[in-house]
Amino acid sequence: MGQNTFDPNTDVPDLTGKVYVVTGGSAGIGFGIVAHLLQHNPAKIFLLSNKIEHGEDAVQELKKWGDTNLVEWKNCNLLSLKETDEVAKDLKHLEQMDALICNAGEGVGNYKNSDDGIDSHFQVNHLAQMHLALTVLPILQKTPNSRLVVQSSELHRMAPKSTAFASASEINEEDIGASSLYSRSKLAQVLFVKALLRRMEQGEVGGGGSSSSSSGSSRSGIPFMNATHPGAIVTDQQDQAVEAYGTLGKIGVAAVRPFMSDPVKKGCRSALFAATSEDVVKENIQGQYIVPDRKIDTPSDRSQDTQLQDRLWKLSEQLLESKLGVLSWKKPARNFKNLSTQT
Ligand SMILES: NC(=O)c1ccc[n+]([C@@H]2O[C@H](COP(=O)([O-])OP(=O)(O)OC[C@H]3O[C@@H](n4cnc5c(N)ncnc54)[C@H](OP(=O)(O)O)[C@@H]3O)[C@@H](O)[C@H]2O)c1
């Protein structure tokens, strides 16, 4: 294996003609991702986030990195599935999408309900972005060597042992604690990538289905999809931990901050590698968990548990259906497929 370095200034290839969608591109690591994409001449970047002031500031700040006429900010509050659905349907009209980078996230923080009455960590970090990804999947599928990048965290390993993704009431249990809420949502993100890949390979999700050619590659109409961890990075997320844990949080954050890295210089590397590097195609890096800069690491045993993957999928589908009705990306059940030919 080669070196574990990926310098976004020099190792992101020329992106002429390419189209990117980045959630949470207004601040922290997501801003670093958008800045470096812009630096390498893409055709278009859609930057999705919630707070208008962050979006406006980001676009101003991006002027240092390239032509901001190529950047379109879209207001997408992931706390609202309806709003997410509208943005997703809008993006579905694009001709191509070279990568969807699902980076937006709530950090370690207190329990609150989303607009849909669901734990906000689960919804913002996993559920709403799962719906976004699956809605635009046809565009990713028709774009050669496209990527789906899901920004998880090493903290996915710390999800509570009791996590089963068995019911909505389990997700909405308020008192599991700020760290557990975050870790559980980060585990969900790694599980999602693996569950989606398995479903696409089996032809259960997405057009085109599986192919006998090299498993998991974009040649079979399956985008390269990977989960990433960005490293320990100084961003606004630490303020959320301070809010959740008060003085204790303040002491903890003050202790670790000196060892944390810069979001623009360092925090964006694993996601940018997954989203842009030609090595992902050459080395068929598919369904993996990538840590800085570009190292494939083994995620937790639980993230590889196919039963847990399936339960998360089923629960997520149920929650989305109950809030949004019929899901455009869900294929009808196959049980009755051949009835008309069985006379
Ligand atoms: N920082 C770290 O050390 C670290 C470590 C491991 C993993 N991560 C992961 O990396 C990702 C980025 O984190 P960060 O540290 O850069 O955080 P950050 O500075 O707090 O930025 C979070 C981004 O997510 C967006 N976001 C939050 N809630 C949203 C909502 N309801 N709807 C739409 N967008 C929303 C924010 O947009 P608004 O400004 O509009 O709210 C912002 O752009 C997260 O998924 C995080 O879990 C970070």
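**Where two helices cross**

Mentor: Start with helix α4, residues 120–142, and helix α11, residues 306–324: their axes come within 11 Å and cross at roughly 75 degrees. An angle of 65 to 115 degrees counts as roughly perpendicular, so α4 is roughly perpendicular to α11. Keep in mind that this is a predicted model.

Now find the residues that make the contact. On the α4 side they are Leu-127, Met-130 and His-131. On the α11 side they are Ser-316, Leu-319 and Leu-320. Sort them by type. Four are nonpolar, two are polar and none is charged.

Next, look at the core. The largest nonpolar core holds 86 residues. Helix α4 gives the most to this core, with 12 residues. Which residues touch the most other members? They are Val-34, Leu-100, Ile-101 and Val-136.

Pick Leu-100 and trace its partners. Set aside its neighbours within four places in sequence. Leu-100 is then in contact with Val-21, Ala-133, Val-136, Leu-140 and Leu-148.

Now move to another helix. Phe-273 lies in helix α9, residues 269–276. Is Phe-273 buried or exposed? Count the other C-beta atoms within 10 Å of its own: there are 26. The cut-off for buried is 20 or more, so Phe-273 is buried.

What does Phe-273 touch? Again leave aside neighbours within four places in sequence. Its contacts are Phe-6, Ile-290, Asp-293 and Arg-294. Phe-273 and Pro-13 are 260 residues apart in sequence, yet their C-alpha atoms are 9.9 Å apart in space.

Step back to the whole chain. Take the contacts between residues at least 6 apart in sequence: 79% of them join residues at least 24 apart. The chain has 11 helices and eight strands. Its radius of gyration is 19 Å, close to the 20 Å that the globule rule gives for 343 residues, so the chain is as compact as a globular protein of that length. Along the principal axes, the C-alpha atoms fill a box of roughly 70 × 50 × 40 Å. Of the 343 residues, 48% count as buried.

Conventions. Residues numbered from 1 in each chain as written. Predicted model: local features only at pLDDT ≥ 70, side-chain atom pairs only at ≥ 80, totals over all residues. Axes fitted to C-alpha atoms, helices over the stretch in contact; angles between N-to-C directions. Helix = DSSP H or I, 4+ residues; strand = E, 2+ residues; numbered from the N terminus. Parallel < 35°, antiparallel > 145°, perpendicular 65-115°, else oblique. Contact = placed C-beta atoms within 7 Å. Nonpolar A, V, L, I, M, F, W, Y, C, P; charged D, E, K, R; others polar. Rg over C-alpha atoms; globule rule 2.2 N^0.38 Å. Buried ≥ 20, exposed ≤ 12 C-beta atoms within 10 Å, placed from the backbone. Core = buried A, V, L, I, M, F, W, Y, C linked by C-beta atoms within 7 Å.
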